[in-house]
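Welcome! Take a moment to look over the sequence and turn the model around before you read on.

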Amino acid sequence: MNGELDPVIHAQARLRVTVALAALADGDSISFPRLQDLLGMTAGNLSTHLRKLEDAEYVEITKTHQRRTPVTYVSLTRRGRLAFEDYTATLKALLNGSE
C-alpha cells in the first residue's frame with residue numbers, strides 16, 4: 001500500500017465492475033450480459049471499462065460458445081484481486097486519517 005488510490009480502479013464505472021467481480025469466489029466468472037444487467041451499463045460503456053481493466057491485467061475475458069451462441073465471460077485475475085485489496089486498504093487508511 002503506497003497511500004495513493006489506483007487510478008485504474010478509482011474511476012466510478014471501473015470501481016463498480018471491480019466490486020462486482022470481487023464479490024465472486026476466486027476463480028469464478030460472470031457472463032458479460034449478466035454483468036451488464038447487474039451494473040445497469042450499456043454494452044459499449046462496459047466494454048470500454050473492461051478493456052482498461054484488461055490492459056492492466058486486472059480482469060480476464062474468455063470468449064467461448066454455448067452450442068452455436070458466442071458467450072463472453074469476465075473474471076477478476078489474481079492481480080486484479082490484489083489490486084482491489086490494496087485499493088480498499090488504502091481507502092480505509094485515508095478515511096481513518098492514517099495515510
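The notes below walk through this structure, from the whole chain down to single residues.

This is a predicted model. The protein chain contains five helices and three strands, and they come in the order α-α-β-α-α-β-β-α along the sequence. Let's start with the big picture and then zoom in.

**The whole chain**

- The protein chain has 99 residues, and 36% of them are buried.
- Take the contacts in the chain with a separation of 6 or more: 52% of these join residues 24 or more positions apart.

**Where α3 meets α4**

- Helix α3 covers residues 32-39 and helix α4 covers residues 43-55; their axes come within 10 Å and cross at roughly 105°.
- How are α3 and α4 oriented to each other? Angles from 65 to 115 degrees count as roughly perpendicular, and therefore α3 and α4 are roughly perpendicular to each other.
- On the α3 side, the residues that meet α4 are F32, L35, Q36 and L39, and on the α4 side they are A43, L46, S47 and L50.
- Sorted by type, the residues of this contact are six nonpolar and two polar, with no charged ones.
- Here is a handy rule for looking at such lists: an α-helix has 3.6 residues a turn, so residues three or four places apart point the same way.

**Helix α5 and its surroundings**

- Helix α5 runs over residues 78-96, which makes 19 residues.
- From its first C-alpha to its last, α5 reaches 27 Å, close to the 27 Å expected at 1.5 Å a residue.
- Which residues of α5 are buried? They are G80, R81, A83, F84, Y87, T90 and A93.
- Among the elements covering these buried residues are α1 (7-10), α2 (12-22) and β3 (69-76).
- After α5 comes G97, which has a positive phi near 75°.

**T18, a buried residue in α2**

- You can find T18 in helix α2.
- Is T18 buried or exposed? Its relative accessibility is 3%, so T18 counts as buried.
- Setting aside neighbours within four places in sequence, T18 is in contact with I9, L53, L76 and F84.
- One of these partners, F84, is also on the list of buried residues of α5.

**R79 and E57, a polar pair**

- R79 belongs to helix α5, while E57 sits in the loop between α4 and β2 (59-66).
- The side chains of R79 and E57 make a polar contact at 3.0 Å.
- R79 counts as partly exposed, with 48% relative accessibility, and E57 also counts as partly exposed, at 46%.
- Apart from neighbours within four places in sequence, R79 is in contact with A56, E57 and Y58.
- R79 and R14 are 65 residues apart along the chain, and their C-alpha atoms are separated by 15 Å.

- E57 is not a glycine, and its phi is positive, near 65°.
- R67 is another residue other than glycine with a positive phi, this one near 60°.
- Where is R67? Look in the loop between β2 and β3.
- R67 has 85% relative accessibility, so it counts as exposed.

- K52 lies in helix α4 and counts as partly exposed, with 42% relative accessibility.
- Not counting residues up to four places away in sequence, K52 touches V8 and R14.
- S31 is part of strand β1 (residues 30-31).
- Why does S31 count as buried? Its relative accessible area is 19%, and buried means under 20%.
- Leaving out neighbours within four places in sequence, S31 is in contact with T72 and Y73.
- K52 and S31 are 21 residues apart along the chain, with 18 Å between their C-alpha atoms.
- S31 and N96 are 65 residues apart in sequence, and their C-alpha atoms are 36 Å apart in space.

Conventions:
Residues are numbered from 1 along each chain as its sequence is written. This is a predicted model: local features need pLDDT of at least 70, side-chain atom pairs count only at pLDDT 80 or more; totals for chains, interfaces and linings use all residues. Side-chain values use heavy atoms; hydrogens and water are left out. Axes are lines fitted to C-alpha atoms, for helices over the stretch in contact, and angles run from 0 to 180 degrees between N-to-C directions. Helices (H or I, at least four residues) and strands (E, at least two) are DSSP runs, numbered from the N terminus. Angles under 35 degrees count as roughly parallel, over 145 as roughly antiparallel, 65 to 115 as roughly perpendicular and the rest as oblique. Contact means heavy atoms within 4.5 Å. Ala, Val, Leu, Ile, Met, Phe, Trp, Tyr, Cys and Pro count as nonpolar, Asp, Glu, Lys and Arg as charged, and the others, Gly among them, as polar. The expected span of a helix is 1.5 Å times one less than its number of residues. Buried means under 20% relative accessible area, exposed over 50%, partly exposed in between (1.4 Å probe, protein chains only). A polar contact is a pair of N or O atoms within 3.5 Å; within protein, one must be able to donate a hydrogen and the other to accept it, and residues adjacent in sequence count only if both atoms are side-chain atoms.
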